[in-house]
Amino acid sequence: RFDKEIVLDAPSFSARKEILEIHTRGMPLSSDVNLDEISNATSGFVGADLEMLCKDAALISVQGLTSQEFVNYDLLDSITISNANFTTNCRLKRNKI
């Protein structure tokens with residue numbers, strides 16, 4: 001049984017940017033990725049939402065290869081995650097909220 005309820009606000013702009021930096025560390029980001037823009041567009045997202053946004057953006061970037069009949073595994077090293085992968089995914093998630 002819980003006697004107290006703790007309410008936490010959603011992360012601020014700078015906190016969301018820091019969370020995105022943590023979750024995109026090690027990801028092959030394209031030069032057009034703008035974490036400031038993504039942080040601004042994700043107002044109201046919590047850490048778990050931002051984590052899934054990053055993972056889904058990575059999956060979207062790979063989808064083009066997996067939708068083909070034959071996968072060219074040599075192209076896997078050239079995959080980068082673009083800003084469009086994030087913003088498209090962000091719009092989809094925003095509609096679900």
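Visitor: Hi! Where in the chain is confidence lowest, and where is it highest?
Guide: The lowest is in helix α4 (residues 83–96), with a mean of 73, and the highest is in helix α1 (residues 13–24), at 97. That is pLDDT, the predictor's confidence in each residue, from 0 to 100. This is a predicted model, where local features need pLDDT of at least 70, side-chain atom pairs count only at pLDDT 80 or more, and totals for chains, interfaces and linings use all residues. Residues are numbered from 1 along each chain as its sequence is written, and side-chain values use heavy atoms, leaving out hydrogens and water.

Visitor: And the mean pLDDT of the chain?
Guide: The mean is 87, with 92% of residues at 70 or more.

Visitor: Which secondary structure does the chain have?
Guide: Four helices and zero strands; helices are DSSP runs of H or I, at least four residues, and strands are runs of E, at least two, numbered from the N terminus. The radius of gyration, taken over C-alpha atoms, is 16 Å, well over the 13 Å from the globule rule for 97 residues, so the chain is more spread out than a compact globule. That rule is 2.2 Å times the number of residues to the power 0.38.

Visitor: What box do the C-alpha atoms fill?
Guide: Roughly 55 × 30 × 25 Å, along the principal axes.

Visitor: Switching to α3, which residues are buried there?
Guide: L50, L53, C54, D56, A57, S61 and L65. Buried means under 20% relative accessible area, exposed over 50%, and partly exposed in between (1.4 Å probe, protein chains only). Across the chain, 28% of the 97 residues count as buried.
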